[in-house]
Amino acid sequence: MMIARLGRVFWELKFVALILMCCGGIIIFAKTMEGNKTTFACVINCMDGRIQDAVKNYMRGNYGVDWVDMVTEPGPNKILADNQDVPIIENIKKRVGVSVHHHGANIVAIVGHFGCAGNPVEKEQQIQHLRQAKKTVESFGFDVQIILLWVNGDFKSVEKID
Ligand SMILES: [Zn+2]
């Protein structure tokens, strides 16, 4: 009788242990999946190789994203400010769309920089282009935050304009 009761308690304990193990497993699985979720930002950047690392590091450091999608053109602030070259503008929109819809990017940066071959004008004028470019990107209709960045002549330091 006593042995039978002990046997039952033993089986009940095993059952409880099994449930706890299952719960633990589910929690570990959920945490792992959470850890695997990566975040993206999108940058409409100049193609200039000197500014790629600076912009990527700025976005990672200031917006906590894992990855930075680069949509590059020579002097994109000028292209977007002019808003004339329809094929290029549509192509930029398409690439930003991939970043937003497929990677879940919810922030888009537009970049101007010192010594730009694609937009060889002074900083002040490039900042005007950035502000106008923002309006063009807003017209794309993506539900994102749009920021404007300037890369200095050291090709390391980045300023947030707006
Ligand atoms: Zn450039």
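Modeller: Let us begin with a pairing: three bridges join strand β1 to strand β3, and the two run parallel. This is a predicted model, in which local features need pLDDT of at least 70 and side-chain atom pairs count only at pLDDT 80 or more, while totals for chains, interfaces and linings use all residues. Residues are numbered from 1 along each chain as its sequence is written.

Colleague: Over how many bridges do β1 and strand β2 pair, and in which sense?

Modeller: β1 (residues 40-46) and β2 (residues 67-73) pair in the parallel sense over seven bridges. C46 stands opposite E73 in β2.

Colleague: How do you know which segments are helices and which are strands?

Modeller: Both are DSSP runs, numbered from the N terminus: helices are H or I with at least four residues, and strands are E with at least two. By this rule the chain has five helices and five strands. Along the sequence they follow the pattern α-β-α-β-α-α-β-α-β-β.

Colleague: In what order do the strands lie in the sheet, and which are the edge strands?

Modeller: The sheet is open, with five strands in the order β2-β1-β3-β4-β5 and mixed pairing. Its edge strands are β2 and β5 (158-160), since each pairs on one side only.

Colleague: Why is the unit of β1, helix α2 and β2 called right-handed?

Modeller: A crossover is right-handed if, with the strands pointing away from the viewer, the path from the first strand over the helix to the second runs clockwise. β1, α2 (residues 52-63) and β2 make a β-α-β unit of this hand.

Colleague: Why do you say that β1 is largely enclosed?

Modeller: A residue is buried if 20 or more other C-beta atoms, placed from the backbone, lie within 10 Å of its own, exposed if 12 or fewer, and partly exposed in between. Six of the seven residues of β1 are buried, so the rest of the structure largely encloses the strand. Of the 162 residues of the chain, 30% count as buried.

Colleague: Is N152 buried, exposed or partly exposed?

Modeller: N152, in the loop between β4 and β5, has 15 other C-beta atoms within 10 Å, so it is partly exposed.

Colleague: How do you know which residues N152 touches?

Modeller: Contact requires that the C-beta atoms of two residues, placed from the backbone, lie within 7 Å. Leaving aside residues up to four places away in sequence, N152 touches F114, S157 and E159.

Colleague: What is the span of helix α5, and how does it stand against the expected one?

Modeller: The expected span is 1.5 Å times one less than the number of residues. α5 (residues 123-138) has 16 residues and reaches 22 Å from its first C-alpha to its last, close to the expected 22 Å.

Colleague: Why do the buried residues of α5 line one face?

Modeller: They are Q126, H129, L130, A133, K134 and V137. Seen down the axis of α5, they fall within an arc of 150°, so they line one face of the helix; the arc is that of the directions from the helix axis to the C-beta atoms. On the other side, E124, K135 and E138 are exposed. What covers the buried residues of α5 includes α3 (76-82), β3 (107-113) and β4 (145-151).

Colleague: Which residues of α2 are buried, and what do they pack against?

Modeller: A54, V55, Y58 and M59 are buried in α2. Their arc around the axis is only 125°, which puts them on the same side of α2. They pack against β1, β2, β3, β4 and β5, whereas the face turned away carries the exposed residues D53 and G61.

Note on methods:
Two strands pair if DSSP finds at least two bridges between them.
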